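User: I am new to this structure and would be grateful for a close look at a single part of it.

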Amino acid sequence: MAFGMEQGLIRNFCIIAHIDHGKSTLADRLLELTGTLSAREMGELVLDDMDLERERGITIKASAVRMTYRARDGREYELNLIDTPGHVDFTYEVSRALAACEGAVLLVDASQGIEAQTLANFFLALDQGLVIVPVVNKIDLPAAEPERVAQELCDTFGFRREEVLFVSAKEGAGVHELLEEVVRRVPPPSGRPEAPLRALVFDSKYDPYKGVVAYVRVVDGHLDTRRPLRLMATGRRLEPLEVGYFRPSPTPSQALVAGEVGYVATGLKTVGDCRVGDTITWDDTPASEPLPGYRPPKPMVFAGLYPADAEEYGSLRDALEKLKLNDAALDFEPESSLALGPGFRCGFLGLLHMDIVQERLEREFGLNLLATAPSVEYRVLTTDGQELPVRSPAELPPPTKIAEIREPWMHLSVITPDRYIGAVMELVTSRRGEFVRMEYLEHGPSVREGERRVLLEYRMPLAEMLVDFYDQLKSRTQGYASMDYSFIGYRPGRLVKLDILVNNQPVDALGLLVPADKAYQVGRALVEKLKELIPRQLFDVPIQAAIGGRVIARETIRAMRKNVLAKCYGGDVTRKKKLLEKQKEGKKRLRRIGRVEIPQDAFLALLRLQR
Amino acid sequence: MKGRGGPISLYVHIPFCELKCAYCDFNSYAGLEELMGPYVDAVCREAALWSQAMGRLAVRTLFFGGGTPSLLPIPLMERLLGALGKHFHFLPGCEVTLEANPGTVGLQYLKGLAMLGFNRLSLGVQSFQDDELQALDRLHTARQAEEAFGWAREAGFRSINLDLIYGLPEQPLERWQATLERAIDLGPDHLSLYALTVEEGTKLAYQVARGLVPPPDDDAQAEMLEWSLERMAAAGYEHYEISNWARPGHRCQHNLAYWECRPYLGLGAGAHSCLPAGDGWVRFWNVYSPRRYIEALAASAGPPADVVAGHVPLSMPQVAGGEVVDLDGAMSEFLIMGLRLSEGVSLEEFRRRFGRELLEAFAGPVTELSDLGLVEERDGRLRLTRRGLLLANEVFVRLL
Ligand SMILES: Nc1nc2c(ncn2[C@@H]2O[C@H](COP(=O)(O)OP(=O)(O)OP(=O)(O)O)[C@@H](O)[C@H]2O)c(=O)[nH]1
Ligand code: SF4
C-alpha cells in the first residue's frame, strides 16, 4: 500500500432513522467519543449544516465525517460516518449514501417505536446488502419502552433479541458499546486497490471557491490530484483541485484509496455536472463499467412560481439559477400565465423539496412569490398516437384530441396505532387510494387493544397526496401516524380538465385535472370558495366551473352597492383624503383577472385552494 | 395673511360631551366639564389672535360643533359670542348654527340661544328607537328628542336639522323606516342621514372586532339609503348632498362652504381651517387636546410674530400642523368635495377657479367613471349618478 489505511481497518457506515429519533444527536456523541470534536466545539450539531435543515428538523444533504477510533482490540480504526437525508423526497440520495457504506445503524426511538421511515430506510439498506445494527435510542426517557421496541424490531425485521443495542444518544449511555459493535459487525470494504479508479459520488455541493465539491466513496483504485478525472454518466472531464476528507472540517490529503470516503474539489460550475450516483474514473485509463444504480434526478411534483411583483422576474430567474448550482434535482423553465404574468414552471422531487425551494427563494433571496397549486406530470396519449408529458393542466391538448390520460401512482405505507385504522382507511380511499395489505408490527399479549402498531399499505395517485394529505393524516391520527411513499408507475385514469372562469374568462392558474366522478363536487366547492374570496366589484361577476365548455357549477358575486363616506367631519378634509388615499394604495396592490380586481392576499388564498 | 379678502365661514369646536357615544370618533371628551370656563377664554383669545393677524374678517356663516356645544351654559355662550362679535364682522343674514343633544336643552336655554343670535339648530337625534339609542350609548330618549324639537320651535328656531343614523348592526329596514317617519312627522327643515360607520378606536370597533356585534351590512345600508331617497323626495325635501336633505331655502350654508371649497377658519381644539394660498389653498389644524389647547393660548402673550399668507401659520401657538395644497391637489379636492353635492360641479366654475378645463384635466378618470355609470356630464355640470352616489368612494379614489 502506497498510502492510506489498510482496508481491514476501515469501517464505512451510516445512521438511518425516522425523523427526530436522534440521528444527529448520536452522530455528535460519536464525534465526541472519538475525539474528532471536543464537547466544547459542539454547540452546533455538526452534520446538519444548513439553517433551514435545523428548523425543519431534517437533513437535506448528506456529508461524511472521518473519525479515528482505538477499539478494545487495541487497533486503531478509520470510521467514516456518512450522513443520509432524512426525508422521503430524497430516497434516491439516501440510496446512494447507503451504497457508499458497508453497514448501517438503524436507530429507533424507545418511546416511539418503528415508524414509516424506519421501515423504508431499513429496506433501502437491505437492498444495498448492508449489515444492519439495530439500536434503541432515548432509553433515558421516562416514556421509554426499550423492551417493547426491541421486540418490535425483532418481530418486524427478524433481528435476534441479543443483536439489539440500547443507547441514550443524549446522555452517552451505551454509545461506546455501539462503536465496538460497529467495528465488530460491519465488514471492512473490499475494493480492488490496483484496478482503475471507480469512486461513487454520493453527494455534491457547490462551493464558491472550489466549484463543486463531490463527496465520494472510492470503490476501486485511488484518487489523487495528479490525474485528470472523468464522470462516467455525464462524460464531463475534470482536473481535481483538491482531495481530502472531513474531520469534521475539510482536511486535504494526498490521496483517497479503495475503501476510503472523502471529497474531491472538481472546479465544476454546477452540481448538475457532477450528479449524485455518478462514477468518477481516470480520464486516461477509465474503468470499463460504472458503478451500478445511477439515475438522473427526476422531478415528480410541479408548480408555477411567479414573482408577486412582475418586476422581480429577473431576480427570480437569477435566484433559481443560483439554487440550481447546488440542487441538481431542481428543474425550471419559463412559463407565462394570464393571471400571473411571466414566471417559471418548476419541477421538484416532492412536496418537501418544493417547500424548501420556495422558502429559500423567499428567505435567502428576499423574493415575494406566488405559487400555483402543485401538480404531477401526466402522460397524455393523443388520438394520433403520441404520448405527451403534461406538467400543468394548462398544457393539456383539447379534449377531442385526448385518447387517455395517465397519472403517476405511488406505493404508500402508513404506520399507526390500530385504533386509527378506520380513520386512515377513510382518508386514503376518499383520495382514490387502493388498499394493498395490513400487518401488525407487534404481537404478543403485552400490548393493549387499540395500541397495537400496524402497517397499512396502499396504492394511491400522487396527485391525491399533493394537497393537505400529510396534514390530514396527522390530524386524523392525532399525530401518531407516520408515512412513506415511493413511485410505482403510471396508470390510466378517468380524469377531466376542470376550467375555472372568472367573469367568463378561464383562469389558467386555477385550472386543474380531477377524476371525472369528483368533478362536480370539486367544481362546486371551488366556485363557492372563490365567491367568498373575491371581493365585490363594480359589476356582477359570474364564477363558473366548466368541463370542456359545459358549465357544471356557477355562482355570482353581486356588484358592490355601497362604498361611501357618509359623515362630514367638520372641515377635516385631510382626514377624508387620507382614508381615500388608503383605499387607493390598496388598489395598487391588486391583481387583475380581466376587469376583476383581487387583493394580493385573496389571490394567494385562491391559488392555494385547489381541490 | 391679509388680502385675498372675501367673507369666510367660521367654525367653533366645543369638545365636551356627557358620555362618549359608542360609534363616535370626533374630538370630544366626557368628564372635562371643569375646563369649560378656561376653554371658552382660550377660544376668545384665539379669536383675538386672528383679528390681530388678519384684521376683522367678514363672516358669512358661524357653526358651533362638537362635542356637544349645548352643554355650554348661557353665560359662557354669551361671553364667547361677545368676543367673536368683537373680532369678526358678521354679515347680515349670517347663518348661525348650534349642534345640540336632546336631553341637554330645555325651553329656557333654547330661548337664551335665540336671544344670543343663533338662528339654526342641529339636533343629534340619531334614532327614534330607545333600544337603539341605548345601544349607541346615547343618553336621551326618543320622547326627549321630540320634546326638544317642540321647544326649539317654541323658542323661535325657523331652521332646524335632525341628525339620524341608519344601518345599525342587525337593524331591519322597517325600524329605520319607522325612525325616519317619526322624524318627517315633526317637520324639520333639514335632515342629515348618516350610514353608521365603524371608526377605528371606538367602542363599536372593539365590539365588532370581538364579535360582540356584527359589522354594519353594506347591502342593508344601501337599501335604506335608496328607500330614504324616495321617501324624502315624496316628503318634499331636496337631496342636495350625499347625506343631506333640506326644504327649499334651508340648505346648510356652513357645510356648503366645505363642499364648495370656500375659505373657513376653525377655532377651538382640533378645529380645521382652510384659507386660499397661491393656486390652491392651505389647510391647518389646531392641537387636539383641549387641555393643551388651553395651555397653548394661555402661554401666548402678545400677538403672533408673523402669519405669512400661503403658509401653514405655525407661528400661531394653537396650530399643530397643516399642509399646502397645490393646484393639482386643489383641483382634485374641488372635485371630490363638489361631487358630493347633488348638483355636482360646474365646468364653468372649475375653469374660473383653476384656469383649466375639468374634462381635459381629468379626462382619463372621467371617461372610466362615465363608462362605469358612476358619473355623468349634463348641462355643463359633472355629477354622480344615482349609482355613483352609493359608490362615491370608488369615484373619489379615481380622482385623487
Ligand atoms: N431524552 C433523549 N432525547 C434525545 C436522545 N437523542 C436525541 N434526543 C432528542 O431528540 C430530538 C431529535 O434529535 P435529533 O438528533 O435532532 O434527531 P434526528 O434524527 O437527527 O432528526 P432529523 O435531523 O430531523 O432527522 C432532539 O430534541 C434531541 O435532543 C436521547 O437519547 N435521549
Ligand atoms: S354626543 Fe356627538 S360628539 Fe359627543 S360623543 Fe356622542 S357623537 Fe360624539
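How many bridges join strand 10 of chain A to strand 16 of chain A, and how do these strands run?

Analyst: This is a predicted model, in which local features need pLDDT of at least 70 and side-chain atom pairs count only at pLDDT 80 or more, while totals for chains, interfaces and linings use all residues. Residues are numbered from 1 along each chain as its sequence is written, and chains are lettered from A and ligands numbered from 1 in the order in which they are written.

Strand 10 (residues 229-231) and strand 16 (residues 279-282) of chain A run antiparallel and are joined by 3 bridges; strands (E, at least two residues) are DSSP runs, numbered from the N terminus, and two of them pair if DSSP finds at least two bridges between them. A:Leu231 has A:Ile280 of strand 16 of chain A opposite.

Both strands belong to an open, antiparallel sheet of 8 strands in chain A, ordered 11-10-16-7-8-15-12-13. Strand 11 (237-238) and strand 13 (250-252) of chain A each have a single partner strand, so one side of each lacks a neighbour in the sheet.

A:Ile280 is also among the residues that A:Val216 touches, as are A:Val201, A:Leu223 and A:Val264, not counting residues up to four places away in sequence; contact requires C-beta atoms, placed from the backbone, within 7 Å.

As for confidence, pLDDT (the predictor's confidence in each residue, from 0 to 100) has a mean of 86 in chain A, with 92% of residues reaching 70 or more. Over residues 42-62 of chain A, however, pLDDT stays under 50. Where pLDDT is low, predicted coordinates should not be read in detail.

Technical notes: Helices (H or I, at least four residues) and strands (E, at least two) are DSSP runs, numbered from the N terminus. Two residues are in contact if their C-beta atoms, placed from the backbone, lie within 7 Å.
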